[in-house]
Amino acid sequence: NLSFGFRGVMKIRESIHSVFLHHAILESGMDVGIVNAHEMLALSEVEPEIKTGCDNLVFNKTPDATDVMLELTKKEKERLEALKNGGGAMEVKQTSWRDLDVTKRLEHALINGISQYVDQDVEEARQQAEKPLHIIEGPLMDGMNIIGDLFGAGKMFLPQVIKSARVMKKAVAYLIPFMEEEKREKLIAEGKNPEDFNENDDSNFAGKVLMATVKGDVHDIGKNIVAVVLGCNNYKVYDIGVMCSCELILEKAKEYNVDVIGLSGLITPSLDEMVVVAKEMSKGGFKQPLLIGGATTSKMHTAVKVSPNYFTLEHPVIHVLDASRSVTVVSSLLGENKEDYVTDIMEEYEEMREDYYAGLEDRYFLTFDQAKEQKLVIDFDAVPPAPAPNKLGVTVIDNVSLEDVVPYIDWNPFFQTWELRGRYPNRGYPKIFNDEAVGSEAKKLFDDAQKLMKEIIAN
């Protein structure tokens, strides 16, 4: 789990594994482990600088252990990029990011987790903005959206996301006194006494979110990360813990009067429990959007199993892929463009359900007794086992021409790559040619591909 935060840079991951396994086996009596032997590094193969960094990280020896490992990861990525580009050294740009305009500086600081200049940059941006809130909704949210894209593409790691969230928290903390003063002035303008203002009032928050791991599940690492990221983005988060029954979730949602409810789960039974919660929310007349997240959850399961029980334009059900996406999703649900955002998701989920049920139409299930009757009966006397092969190892079959392979090509990934999707019942090849919207373009593309393929085979 620790090394997974650095996925995509195998040298770093395997170095962490090597250090961990060395100590676990030789010092702590570890008996059994499941490893990929092909990718294992001996401790002696780990570079001294990386070995020290891994030791500090695994044993949490120094406060900057994560930062040091991130820096080592960055160097390794640069080295790999240089090799990929022909082995030349990476060109280092001398222009400082401090020369950019203030909105770009804030984005850069957020993406790179640099908190050193946040206060002065936020102040400069505040002087230019109409309201302090516009800074959060503008450059800071733009930066968080970029972080979500980078994390989703594997170009950013979980420790970096948390580091960026802390920069966001510092920026928001600087702005809160100004937002409170703005609220105070507004109360005076409305003829109200600011001294009567309730200090526990949470209207300064961008929104209130309830987080819970569903009944039967004790996993909360991902949920905790989401709570940190949302909290750093000025959302009030009520994390009610793990093993939360449906009744407790709904009770607390009413008590805290939250704007959004988020359900988390890692094990498969949690998927069914999430369906139960969605049904009960519908019965109880709840209006909050429902977010679904966790390792075993998926967009398809959310669209097919959870969404039909609760989804409306007012209170959608949305699958959140990872922690870095949570801010974008929640801000979209609580923002001015909620209807457009939810409509897009509603249409996408409807298409996914159509695809799913269309796939079921072609399946013909037997009863259990019928299936048993069709079991394979093996009679080695009547049909002896196949003889031993003439030779062991790889046998190259080079008498098959490309023309012989063409009839077996699955063209569906081809159309998916070109982002051509027919609507049900014209999903997939060759039905896509009958689709009213993309049929003609799909046919043109297919004909061009056939022409090019014939040239390749001929030459």
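Some conventions to begin. Since the model is predicted, local features need pLDDT of at least 70 and side-chain atom pairs count only at pLDDT 80 or more, while totals for chains, interfaces and linings use all residues. Residues are numbered from 1 along each chain as its sequence is written, and side-chain values use heavy atoms, with hydrogens and water left out.

Salt bridges come next. I use the term for a side-chain nitrogen of Lys or Arg within 4 Å of a carboxyl oxygen of Asp or Glu. The count by this rule is 17. Helices are DSSP runs of H or I with at least four residues, strands are runs of E with at least two, and both are numbered from the N terminus. For accessibility, buried is under 20% relative accessible area, exposed is over 50%, and partly exposed is in between, with a 1.4 Å probe and protein chains only.

Take Arg105 and Glu124, which form a salt bridge with their closest N and O atoms 2.5 Å apart. What does this pair tie together? Arg105 sits in helix H4, residues 102–112, and Glu124 in helix H5, residues 118–128, so the bridge links parts that are 19 residues apart in sequence. Arg105 is buried at 8% relative accessible area, whereas Glu124 is partly exposed at 34%.

Another pair lies within H5. Arg126 and Glu123 meet through their side chains at 3.0 Å, N to O. They are three residues apart in that helix, which means about one helical turn between them. Glu123 counts as buried, at 18%, and Arg126 is partly exposed, at 23%.

Glu255 is partly exposed, with 48% relative accessible area. Elsewhere, salt bridges with shared partners join Lys11, Glu47, Glu76 and Arg79 into one network.

Now helix H17, residues 439–458. The expected span of a helix is 1.5 Å times one less than its number of residues. For the 20 residues of H17 that gives 28 Å, and the end C-alpha atoms are 28 Å apart, which agrees.

Last, the backbone. Most residues other than glycine have a negative phi, and most peptide bonds are trans. The peptide bond joining Tyr429 and Pro430 is cis, with omega about 0 degrees. Pro430 is in the loop between H16 and H17.

Which loop holds Met243? Met243 is in the one between strand S2, 235–239, and H9. Met243 has a positive phi of about 55 degrees although it is not a glycine, and is partly exposed at 46%. Asn257 also has a positive phi, near 50 degrees. Asn257 lies in the loop between H9 and strand S3, 260–264, and is exposed, with a relative accessible area of 53%.
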